[in-house]
Amino acid sequence: MKLVYTGKTKNVYALDNGNYLLKFKDDCTGKDGVFDPGENSVGLTIEGVGDVNLRMSIYFFEKVNAQGIRTHYVSADLENTTMEVLPAKPFGKGLEVICRHKAVGSFYRRYSDYVTLGQDLPAYVEMTFKNDEKGDPLVTKEGLVCLGVMTEKQYDDIAEMTRKITQIVADDLLEKGLVLYDIKFEFGYDQNGDVMLIDEIASGNMRVYRDGEYIDPMTLSALFFA
């Protein structure tokens with residue numbers, strides 16, 4: 001295996017068969033030792049978080065694939081905390097896609113003049129460039145097309161897929177008495193330009209509440225697999 005990318009929460013290796021291997025870490029994004037999926041840098045290390053993130057990713061990727069939504073997921077190895085994935089090109093230098101069911105986090109900080117904390121949102125989708133120095137700037141559909149990052153069709157496909165995947169996750173959590181406030185995804189595209197979900201679907205990429213109280217990623221994973 002050849003290391004091709006060192007990320008905040010996982011490393012990426014090239015495999016001989018043309019696919020890639022994701023090695024999940026125990027690092028989490030956050031600030032001052034407190035987890036925050038919206039932060040731009042690693043803020044803490046939680047033992048075992050890589051394992052539970054992989055387990056949840058396997059669970060949801062298989063569920064999303066079964067719904068006919070394209071993902072990069074091929075298989076996983078829990079013993080080595082790795083996941084084999086199909087090759088996919090990222091959009092630009094990296095793009096994050098957030099779907100929001102409730103006004104919280106950076107959305108609330110930006111728009112608190114217009115919304116109340118925890119206010120319902122209609123599966124609001126927004127995209128940000130992955131750039132720590134610039135604070136992951138928001139970008140519009142028109143901006144993405146104008147900059148040559150993606151086509152209008154790719155944007156529309158991503159937005160539609162994001163809402164469908166978010167609903168799959170939200171419905172599953174609700175069965176366990178948990179409420180999804182927002183979730184972060186990444187998408188890429190294959191050699192034909194077709195969009196697919198990449199990266200992971202894990203507790204470290206979502207904000208979930210129970211009875212109005214925030215649940216940290218490790219507690220969430222424990223409740224999810226209880």
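Aspartate 172 sits at 3% relative accessibility, so it counts as buried (buried means under 20% relative accessible area, exposed over 50%, partly exposed in between, with a 1.4 Å probe and protein chains only). Keep in mind that this is a predicted model: local features need pLDDT of at least 70, side-chain atom pairs count only at pLDDT 80 or more, and totals for chains, interfaces and linings use all residues. Residues are numbered from 1 along each chain as its sequence is written, and side-chain values use heavy atoms, with hydrogens and water left out.

So what does aspartate 172 pair up with in a salt bridge? Its partner is lysine 63, which is partly exposed at 33%. A salt bridge here is a side-chain nitrogen of Lys or Arg within 4 Å of a carboxyl oxygen of Asp or Glu. By that rule there are 15 salt bridges, including these:

| Pair | N to O distance |
|---|---|
| aspartate 172 and lysine 63 | 2.3 Å |
| aspartate 190 and arginine 70 | 3.1 Å |
| lysine 102 and aspartate 120 | 2.6 Å |

Look at the ends of the other two pairs. Aspartate 190 is buried at 14%, while arginine 70 is partly exposed at 35%. Lysine 102 is buried at 18%, but aspartate 120 is exposed at 54%. There's also a salt-bridge network that links Arg100, Arg110, Glu126, Asp182 and Arg207.

How about cysteines? Searching the whole structure turns up zero disulfides (a disulfide is a pair of cysteine sulfur atoms within 2.5 Å). Cysteine 99 is buried at 0%, whereas cysteine 146 is exposed at 66%.
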